[in-house]
Amino acid sequence: MAVTRAQVEGVLGAVAAPGGGTLASRDLVRALAVAEGTVRFVLEADTPELSRALEPARADAEARLRALPGVDSVQILVTTHAPPQKDGVKIGRHADAGPSRPAGVDHIIAVGSGKGGVGKSTVSANLAVALARQGRRVGLLDADIYGPSIPRMMGVNRRPSSPDGKTILPLHAHGVTVMSIGFMLPEDEAVIWRGPMLMGALQQLMTQVAWGDLDVMIVDMPPGTGDIQLSLCQKTDLTGAIVVSTPQDVALLDARKALAAFRTLKTPVLGLVENMSSYICPSCGHESHLFGEGGVRREAEAAGLPFLGALPLSLEVRVAGDTGTPIAAGDGPMAEAYGTIAARLVANGFA
Ligand SMILES: Nc1ncnc2c1ncn2[C@@H]1O[C@H](COP(=O)(O)OP(=O)(O)OP(=O)(O)O)[C@@H](O)[C@H]1O
């Protein structure tokens, strides 16, 4: 029997947190994902001390979750907010170091979402492939520390090599240069990385990977609007961001938070994409709007932002993602839909 989110939340509500309360009541859990026997989440502490003190609770949660029927794997990441920086003191960096971009990379587009599971990685991978098919030199950086899925979607799972021990050689698939934080994480192991270490790893992917000359780099961001997303936007010279949402009200609420965060960070939003917008029955052709109709388009209009396109829910998309050949690499209406979004980005000079 498959494990449910409610069962997992029940366990998190029973594991004692250091200093009183439980992991749930102390609001320490972020990005909880429960899918196909895998439970994954982040414990986010606000001080390095709390992060260290969380280890017994992490181990307890892991043991209890593993004991639930239907759970095959448990991945818990412990992070801390970066310590506040004293004015003028920036260790190891030039005091004026602003946002940066790898040499030779013309544009960087972040793909974000407020809510997890809305198809952010699917859109990132397919957009990258669609742009490559239009002759652009494209990089795809999977920065989704909570659930790096780009290796599976692009069909690459070798560990990248580093012949000189300094530069990391990226992988290539479907005409795209690919690098994922997933390549750096040990598989099926609980990973305990602190916030600053994670940021260090992401910076490394940006600066130490031999990306070569690229017209555009697509960055698959972690879902949500936490510290990691914030630092990524602040430290990277982004051309702009694309926000993916489903038309459901709950997803839209979170998408609105993502838009607000990008606005605060002064990251231009290049447009919104509606994913899983409708379901077209493969046998009778009937179109149903499972998650509501047109919500993201209306959201874009209300915010005065471009609406880039609506992508239907399609079994083919999921199967393509699971088998390592994004749907945009083939032919048909979905590939065309991605081609249209890609062409628009190129025409506007963003890619
Ligand atoms: N239009 C679609 N039609 C059918 N399945 C889809 C579609 N878009 C995404 N999916 C499927 O939904 C699942 C979640 O998609 P994806 O991993 O891209 O979401 P995400 O927003 O990146 O999630 P996360 O929060 O884990 O990063 C995947 O199995 C993917 O194949």
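**Ligand shell, strand pairing and helix packing**

By class, the shell around the ligand comprises 7 nonpolar, 11 polar and 3 charged residues in this predicted model. Of the 21 residues around the ligand, those that come nearest are Gly116, Gly119, Lys120, Ser121 and Thr122. Several elements of secondary structure contribute to this shell, with helix H4 (120-133), strand E10, strand E12 (307-313) and helix H10 (315-323) each supplying at least two residues.

Strand E10, which spans residues 269-280, pairs with strand E9 in the parallel sense over 5 bridges, and within this pairing alanine 241 has valine 269 of E10 as its bridge partner. Strand E9 is also joined to strand E4 (residues 105-112) by 4 bridges, and these two strands likewise run parallel; here valine 111 stands opposite isoleucine 242 in E9. Strand E9 itself, formed by residues 240-245, is mostly covered, with 5 of its 6 residues buried.

The packing of two helices can be described by the angle between their axes together with the distance between those axes. For helix H8 (residues 249-264) and helix H9 (residues 295-303), the angle is about 30° and the axes lie 11 Å apart, and the crossing in which H8 passes H9 is right-handed. The contact is made by Leu252, Ala255 and Leu259 on the side of H8, and by Gly295, Val296, Glu299 and Ala303 on the side of H9. Classified by residue type, this contact of H8 with H9 has 5 nonpolar, 1 polar and 1 charged residues.

Most residues other than glycine have a negative phi. Lysine 266, which is found in the loop between H8 and E10, has a phi near 60°, a positive value in a residue other than glycine; lysine 266 is exposed because 9 other C-beta atoms lie within 10 Å, where 12 or fewer is the criterion for exposure. Methionine 276, although not a glycine, likewise has a positive phi, of about 55°, but is placed in strand E10 and counts as buried because it has 24 C-beta neighbours inside 10 Å, the criterion for burial being 20 or more.

Serine 25 counts as exposed because it has 12 C-beta neighbours inside 10 Å. Although serine 25 and methionine 217 belong to one chain, along which they are 192 residues apart, their C-alpha atoms are separated by 39 Å.

Terms used. Residues numbered from 1 in each chain as written. Predicted model: local features only at pLDDT ≥ 70, side-chain atom pairs only at ≥ 80, totals over all residues. Pairing = 2+ DSSP bridges. Near = placed C-beta within 6 Å. Nonpolar A, V, L, I, M, F, W, Y, C, P; charged D, E, K, R; others polar. Axes fitted to C-alpha atoms, helices over the stretch in contact; angles between N-to-C directions. Left-handed = near helix turned anticlockwise from the far one by under 90°. Contact = placed C-beta atoms within 7 Å.
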